[in-house]
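This report concerns strand pairing and aromatic contacts in the structure shown below.

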Amino acid sequence: MRCILASAIALALSTGSFAAAAQSAAAQPVSASMDAVTTQLPRNVRPSHYTIEVTPHAEAMTFDGKARIDIEVLEATNAVVLQAIDMTFANSIVINAKGKPMLAKVSVDAQAQTATFAFDKPLAPGNYVLSTDYTGKIGTQANGFFALDYPTANGKQRALYTQFENSDARRFIPSWDEPNFKATFDLTVNAPTGQMVVGNMPAKDVKDLGNGLTRTTFATSPKMSTYLLFLGVGDFDRATLNTDDGVEVGVIAQKGKAEQARFALEASRDVLREYNDYFGVKYPLPKLDNIAAPGRSQFFSAMENWGAIFTFEYALLLDPATSSIGDKQSVFTTAAHEIAHQWFGDLVTMRWWDDLWLNEGFATWMEGRTTRKLHPEWDTSGVDAAFTSRGAMGGDAYATTHPVVQHVATVEQASQAFDGITYGKGSAVISMLEDYVGEDAWRSGVRSYISKHAYGNAVTDELWQEMEKAAPGKQFVQVAHDFTLQPGVPLIKASQVCVDGKTQLALEQGEFTVDRPNKTPLRWRVPVTVRAGDGSEVRVLVDGKASVSVPGCNAPVLINAGQKGYFRTQYSPAQFKTLSAGFSKLPVVDQMGVMMDASALAAVGLQPESDTLDLAMQVPMSAAPELWQMVAGSMGGIDDMLKGNDKRQAAFRKFALAKLAPKFEQLGWNTRAGESSSTKQLRTSLIGMLGGLGDAKVLAEARRRFAAAATDPQALPPDLRRTVLGLVARNADAATWDKLHAMAKTEKSAMLRDQYYGLLARSKDKALAQRALDMALTDEPGATNSAGMISGVSWEHPDLAFDFAVAHREQVDKLVDSTSRARYYPGLGGAARDLKMVDKIKAFADNYIAATSRRDAEQVMAGIQTRVKLRAQRMPQIDAWLKQHGI
């Protein structure tokens, strides 16, 4: 599952601002007066096969179900306990191997999310069939069985979908809804005739029942976990391609939109071919669909249901009139991520949520690897390695972090496990470990692991066992354990001396931390690659300390060459001076890494602020677009810190505009033939940054283009459209806001409609922000947009949004995925600059979030506290640097 994190990673990396990194993860809501839901079921009964028949009643938002579950009783028991939410039961029996039925008395524990089928006599060990009729509810948010309403040219339509990860299959079928209870599934659906019904497997039988209903029965699924089951029902179109191996790859979208999924269809075919080769085990299902759904979730953008990937439209469809190169890249990476799960997650599933990173870290890593291989034109400077290695470090450097392999005891904690550590750090650690043992050895270990555990469950150490065999003599397990069983970010401190014409480099391992300056460092065995001035490289495993000798004395020596190591580097002042002098000669990926580390170290007082600012200032006009993105981010970070000091901020903005505007003038507003994707993205970044800094010319041109677009679609070309609209919305007056509102109300494309309602929430004007909040509690934006509007307001007005949501908590609860509320409310205060917000979040957590589910609230509070503290520490140095430059 791809997690949506409310963070500005690029800004955090480039400026050392770690505020946004505290807003991560997702959590299941629980009242403080209630205990958290314990997840584990008894192990005395296990299922082997489910036969499910459901009849949805979309208008009534209910459904009827029939379940026949083949079970094995392992120990004599007079009760079978499974998981169920919001269900009523009837005609419940168990049938033994001889066909003799026994009535069951069903009791439901809503707090524990269980249903108990009790019998007058104990069931002896053996095989049985548990049979029951039941009813359930169709929800409005993307968990369980839910409905999405969307506009079309022919009026409003309603489609039905399922979303079960991590613990919501129990809303659809009474089941053993835990990943290590794998079983096969036969699914039958009675749906309105004329609507398409989609499942994990192809349909094997379709029958007209009369009375406007058609029965669709799907082929038996492979053995899989409950959270991977899928059902979609609606007015859909489907387009397909066949692979070389005979697998039918499809895309499914609302009628008239399937062609917008053409790129996703072709990408899925290409990615599937690549993965069949990489994993050494062929994709085992006869078809692989990708289903595009209108709307959105506060928790995720796509879900890897086996053979039936669910994806929101904005992450799958490309409209040539409105979609940018960034949208195209996002569609590809989403497909690469979710298809990777068909092996890492679906074919082989983590045994328990402790090892969720086996799903998400690997899918994130495969997504990046596959994108670089199949679309090298998107990263011509090779900078992805720097972003991969640094992506999770901001959050991982706080006291509120956790290990990659983490203990999960409750449903809420399982939901919280979907965070930046699981995804980002997991991916970064894999990248480092692959670099450490070599690509061939790594792939050999992956193939062996997949083959050995296919259709089963596994834990992290079972993967490490295969890697140890593939790469003997590397201390692999010890290194892997250091980075996955303990939290935090290593810090490699470097110093050097010249001896007999060679550089003697001393490396010492410490720990990079944001909020614990006096913390005793943890100990890691850190793989480090050192590049000498002559380009030669030396690899060393730093176990506390290490020494390296490289040729030459005067040329810069680079630590973490290629930027695949998961650590920060702190150079001695003399080393950094030498490195800065030769900065332009470094590969772009290493320039990025040096700038990121210098910025992060400066933010916590381990390096002078002037080091990173001077580097940014020396970036020439001809530098790679990615470096200019870093410069813009640095400017944005300082501007952000100067909020509240109008005179100082105005002076700084004049300086920042003088640095950035010439680069934008070189690029111009219009795309040129042959431009790289990174150049296109730099253009939009600079427009956004210059507009944010108050550049009058940029803002005027944005307003002009917005007005002209009403009669000239070329005024807002796809690559500029979203950025220009964002500037217009953020700086809107009442008349402009009303115009955007009218556009939202009349738009017939669900995807664009969602965008417009999101824009209404971005205004700097407090009165307009309040109008957006009030609108969010009406039916107008749609059930899946309202929570996003409140979040949108929080970026500029955190107190306003947080206070509003808390004051209307019962209404807002209905607008948020149930798996997201314990993240959602604290996250609304994440951009605050006042410590009073910490008190507000703590009070909310004490009242409404179970004690075992407060990780996200604690992260946000720590982020606010640390940001306020670091700002006070940093500003004197930044102020001195600005004065040096006449500001």
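In this predicted model, strand 20 (residues 300-303) pairs with strand 21 in the antiparallel sense, over 2 bridges. Within this pairing, Ala302 stands opposite Thr311 of strand 21. The two strands form a hairpin with 4 residues between them, and Gly307 in the turn has a positive phi of about 80°.

Strand 21 is also joined to strand 19 (residues 287-293), by 5 bridges, and these two strands run parallel. Here Asp289 has Ala308 of strand 21 as its bridge partner. Strand 21 (residues 308-312) is largely enclosed by the rest of the structure, because 5 of its 5 residues are buried. Ala308, Phe310 and Phe312 cover one side, while Ile309 and Thr311 lie on the other.

| Ring pair | Centre distance | Angle between planes | Class |
|---|---|---|---|
| Phe89 and Tyr134 | 6.4 Å | 40° | tilted |
| Phe362 and Trp365 | 6.4 Å | 80° | edge-to-face |

Phe89 belongs to strand 5 (residues 88-96) and Tyr134 to strand 9 (residues 126-137), so their pair ties together parts that are 45 residues apart in sequence. Both Phe89 and Tyr134 are buried. Phe362 and Trp365, in contrast, both lie in helix 4 (residues 357-374), 3 residues apart, or about one turn of the helix. Phe362 counts as buried at 1% relative accessibility, and Trp365 is buried with a relative accessible area of 3%.

Aromatic rings also meet charged groups. The charged end of Arg568 sits over the ring of Phe512, 5.2 Å from the ring centre. Likewise, the charged end of Lys739 sits over the ring of Phe706, at 4.7 Å from its centre.

Note on methods
Residues are numbered from 1 along each chain as its sequence is written. This is a predicted model: local features need pLDDT of at least 70, side-chain atom pairs count only at pLDDT 80 or more; totals for chains, interfaces and linings use all residues. Side-chain values use heavy atoms; hydrogens and water are left out. Buried means under 20% relative accessible area, exposed over 50%, partly exposed in between (1.4 Å probe, protein chains only). Two strands pair if DSSP finds at least two bridges between them. Rings of Phe, Tyr and Trp (its six-membered ring) pair if their centres lie within 6.5 Å; planes under 30 degrees apart count as stacked, over 60 as edge-to-face and the rest as tilted. A charge sits over a ring if NZ of Lys or CZ of Arg is within 6 Å of the ring centre and within 35 degrees of the ring normal.
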